Amino acid sequence: MKTLTTTEALAAFCTEAAQAPYVTIDTEFLRERTYYAKLCLLQLAIPGATGPDGEAVLVDPLAEGLSLDPLYQLFRNTNVVKVFHAARQDLEIFFIEGKVFPEPLFDTQVAAMVCGFGEQVGYETLVRKIAKANLDKTSRFTDWSRRPLSEAQKVYALADVTHLRVIYEYLAAELDRTGRAKWLHEELGVLTDPETYIVRPSEAWERVKTRTNSGKFLAVVRELARFREGYAQSRNIPRSRVYKDDALLELASTRPQNLEELSRARLLLREARRGEIAEGIIAAVKVAHETPPEDYPKLSGTNAKLQVNPALADLLRVLLKAKSEETGVAQKLIATASDLDLIAAGERDVPALRGWRREVFGEDALRLCSGKIALAAKGSNVEVVTL
């Protein structure tokens with residue numbers, strides 16, 4: 001098996017890949033000790049290069065002097081489909097490091113959901129069901145930053161792109177057969193949107209789960225989350241190394257004004273009780289304290305505040321189940337529980353009412369809400385009856 005350690009070798013492979021209809025791609029990375037993922041290994045495979053099984057290579061991004069520019073050039077080549085499985089974290093790495101998205105993109109996890117394999121189906125499942133093979137996962141949680149890589153690691157890593165060729169060809173054909181290729185295209189739009197991967201410190205508070213609606217409390221949460229995110233990004237350390245969410249919420253409740261009050265925190269790490277982090281906490285609390293009430297953050301509207309018609313919501317759930325069984329697509333991919341409650345409350349700017357979801361479920365959901373259709377049980381199935 002080949003391991004590419006120079007830019008020239010990578011460029012030669014990418015030149016060959018540019019003549020192929022597609023290239024399968026996977027990465028191995030570490031994120032436990034950093035804010036941004038550390039890319040440790042790349043796996044690439046193309047069909048028909050050195051026989052019927054094609055060619056698969058490993059690329060060592062940690063090799064001295066190796067540049068990924070040839071790969072990024074291949075990403076911009078729209079004649080070659082770039083195939084991933086569960087691409088989000090891989091794409092984040094390439095966007096952060098190279099400011100590029102692979103185009104066109106094919107995600108086999110999303111495609112499998114569209115083709116009726118269930119919600120967030122795993123690669124191992126697809127290998128077993130489509131490629132009729134088994135994976136050895138013993139190397140999955142090894143340290144990919146250590147060199148040299150073991151033979152077991154290399155075999156495991158290559159399997160993530162070699163079987164992917166068979167899976168891609170099967171799913172692409174299935175999408176063409178069912179006419180659902182446009183469904184996949186809609187779903188992949190989120191993955192190639194830069195906003196998916198940009199984390200702004202000013203918006204970090206929205207990721208902190210709290211049941212409190214108090215504007216004053218949320219103002220402290222916002223400033224503490226803003227400081228934590230900025231500090232973690234600037235030093236490339238996990239946000240939990242600054243302070244965890246439970247400590248953040250405790251600080252938002254106690255609102256320490258000085259180091260003495262901060263020292264009483266039960267959940268704060270020792271390193272956060274002094275130095276720059278401690279100063280940042282106190283400064284954040286001060287900013288929140290000085291924030292006028294009209295500038296307090298507000299939680300986005302929740303379903304609890306909506307006038308949800310519970311009977312209608314239950315009927316929508318029955319309709320969703322029927323549509324899921326009819327199309328073979330997982331219910332949660334078509335519509336979430338939140339979507340159903342929003343529709344039952346009269347909201348119409350809902351994901352389930354847009355794009356392919358509207359075609360599959362949304363149109364009948366709106367007809368159900370307006371009393372134009374009813375649901376009837378027929379044996380073990382549910383049928384739509386026009387009124």
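## The hairpin of strands 7 and 8

Strand 7 and strand 8 make a hairpin in which two residues lie between them, and G379 in the turn has a positive phi of about 65°. Strands (E, at least two residues) and helices (H or I, at least four) are DSSP runs, numbered from the N terminus. Within this pairing, K378 stands opposite N381 in strand 8.

## Basis of the model

The model is predicted: local features need pLDDT of at least 70 and side-chain atom pairs count only at pLDDT 80 or more, whereas totals for chains, interfaces and linings use all residues. Residues are numbered from 1 along each chain as its sequence is written, and side-chain values use heavy atoms, with hydrogens and water left out.

## Domains and their interface

The protein is divided into domain 1 (2-196), domain 2 (201-295) and domain 3 (310-386); the bounds come from an automatic or database domain assignment. The centres of domain 1 and domain 2, taken over C-alpha atoms, are 38 Å apart. Six residues of domain 1 are in contact with eight residues of domain 2, contact meaning heavy atoms within 4.5 Å.

About 540 Å² is buried between domain 1 and domain 2, and carbon and sulfur atoms give 50% of this area. Buried area is the accessible area (1.4 Å probe) that two parts lose on being put together, summed over both. There are zero salt bridges between domain 1 and domain 2.

## Salt bridges

A salt bridge is counted where a side-chain nitrogen of Lys or Arg lies within 4 Å of a carboxyl oxygen of Asp or Glu. The count by this rule is 24 salt bridges. One of the salt bridges joins the side chains of R31 and E92, at 3.1 Å from N to O. R31 lies in the loop between strand 2 (22-30) and strand 3 (38-46) and E92 in helix 3 (residues 88-98), so the pair ties together parts that are 61 residues apart in sequence.

## Backbone features in the loops

The loop between helix 3 and strand 6 contains K99, whose phi is near 50°, a positive value in a residue other than glycine. P104 is also found in the loop between helix 3 and strand 6 (105-107), and the peptide bond from E103 to P104 is cis, with omega near -5°.

A cis peptide bond also joins R147 and P148, with omega about 0°. P148 is found in the loop between helix 5 (123-129) and helix 6 (151-178).

Notes: Pairing = 2+ DSSP bridges.
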